[in-house]
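I opened the model to look up helix packing, cores and the chain interface. My notes follow the order in which I checked them.

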Amino acid sequence: MKGYYKIADELFEIHSIYDEVQTMCHDYACAELPEGVSPIVVATTLEEIREEQKLSDEEMIYEGLEPIAFPDSYLETLVVYRKMCSVLPHRGVILMHGSVIAVDGEAYMFTACSGTGKSTHVRLWRQLFGERAVMVNDDKPLVRVRATEDGHKEIIIYGTPWDGKHHLSTNMSAPLKAICILERGAENEIHRVGAAEAFPMLIQQSFRPDDREGFIRAIDLLGDVAENVGLYDLHCNMNPEAARVSYEGMQ
Amino acid sequence: MKLKYQIYFKELAGKWTGVAMGPDARKYNNVIILNESGYDIAKHLQEEISREELIDRVAQEYEDSREVIAAQVDAVIAKLQDEGIL
């Protein structure tokens, strides 16, 4: 199976064994490629799908969880994204793990270790802001660092089809205003943190390619992200008030 | 002695954050944070080096006394050993 997709302003030609990845990327499909444009070609093999299962098993064991045998069609979606995200740093784009919501056209990312409650907190934002809020991506958005003509760096975040178990995402982009590191707390409290302080967490919540050049490029781009968006540490509970505290803290 | 993994150090706001590169990232998923002088010591540990050689190298870059440099080298070595990467 083959399909063309525009994701994070990059064109991809995805060849897959199963149709799940093609179906998943449907909202990002291009009927045809613009003339003279070479897409990034991504293809998968059964060996790579087996390897993805092994990687998943290792991660589950590392986190103290029982490994889960996933269907090959699902594993293939991960292989495809892994391959895309291994190339993208060379084009100024990295994958981060987090839940992203845009309010009044500006995006806010919430990142944390799995199970902390990112999606739950973002749901509170959707309840608070209603139609002013748009879900960009609930799990694995892409982030682009773009140099501007005046020598600054602009950070843009994109919705992607890899959007978490609730499949919350929009095919859109927005300037990334802030990244918020979320931790559970009894009270709602937010404070600004420096780039160096937040950087270790941002590294752990980003995808780093295996190849040396891609790895270094990804870490350097992540440094640009850390230096060019607002960074915050949020301790919050599950009450609706938490959304108001975090939004106001990031203005 | 030598770092167990290939570590890439990135400087941000005066702090050096070290991350294991490539396949090594699956063996060491933590990050190590050093100040500038710590980084100036750790960067020599990407290759096999003895404690004395390390002190000599750092002494070429810093004007402190050898005793002061030796103490800094020992502190960085201890930190990296505590992290399990040396």
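I count two residues as in contact when heavy atoms lie within 4.5 Å. The model is predicted.

**Entry 1: α2 and α3 of chain A**

I looked up which residues of α2(A) meet α3(A). From α2(A) I list Leu46(A), Glu48(A), Ile49(A), Arg50(A), Glu52(A), Gln53(A) and Leu55(A). On the α3(A) side I find Asp72(A), Leu75(A), Glu76(A), Leu78(A), Val79(A), Arg82(A) and Lys83(A). I sorted the residues of this contact into six nonpolar, one polar and seven charged. Next I took the geometry. The axes of α2(A), residues 46-62, and α3(A), residues 72-87, come within 9 Å. They cross at roughly 95°. An angle of 65 to 115 degrees counts as roughly perpendicular, so I note α2(A) and α3(A) as roughly perpendicular to each other.

**Entry 2: α4 and α7 of chain A**

I then turned to α4(A), residues 118-129, and α7(A), residues 241-249. Their axes are 8 Å apart, and the packing angle is about 85°. I therefore record α4(A) and α7(A) as roughly perpendicular to each other too. α4(A) brings His121(A), Leu124(A), Trp125(A), Leu128(A) and Phe129(A). These meet Ala242(A), Ala243(A), Arg244(A), Ser246(A) and Tyr247(A) of α7(A). I sorted this contact into seven nonpolar residues, two polar and one charged.

**Entry 3: cores**

Which residues touch the most other members of the largest nonpolar core? I find Ile179(A) and Leu231(A), in a core of 37 residues. Several elements of chain A each supply at least two residues, among them β5 (99-103), β10 (173-184) and α5 (195-204). α6(A) gives the largest share, eight residues.

I followed Ile179(A) further. Leaving out residues up to four places away in sequence, I see Ile179(A) touch Met96(A), Met109(A), Thr111(A), Leu202(A), Val225(A), Val229(A), Gly230(A), Leu231(A) and Tyr232(A). I also logged a second, separate core of 25 residues, including Ala20(B), Tyr39(B), Ala70(B) and Leu86(B).

**Entry 4: chain B against chain A**

How many residues does each chain put into the contact? I have 18 from chain B and 21 from chain A. The buried area is about 1,700 Å². Carbon and sulfur atoms give 64% of that area. On the chain B side, I note that Tyr8(B), Leu12(B) and Arg26(B) supply 35% of the area chain B buries against chain A.

Key:
Residues numbered from 1 in each chain as written. Chains lettered and ligands numbered in written order. Predicted model: local features only at pLDDT ≥ 70, side-chain atom pairs only at ≥ 80, totals over all residues. Heavy atoms only, no water. Axes fitted to C-alpha atoms, helices over the stretch in contact; angles between N-to-C directions. Helix = DSSP H or I, 4+ residues; strand = E, 2+ residues; numbered from the N terminus. Parallel < 35°, antiparallel > 145°, perpendicular 65-115°, else oblique. Nonpolar A, V, L, I, M, F, W, Y, C, P; charged D, E, K, R; others polar. Core = buried A, V, L, I, M, F, W, Y, C linked by side-chain atoms within 4.5 Å. Buried < 20%, exposed > 50% of the residue type's maximum accessible area, 1.4 Å probe, protein only. Buried area = accessible area lost by both parts, 1.4 Å probe.
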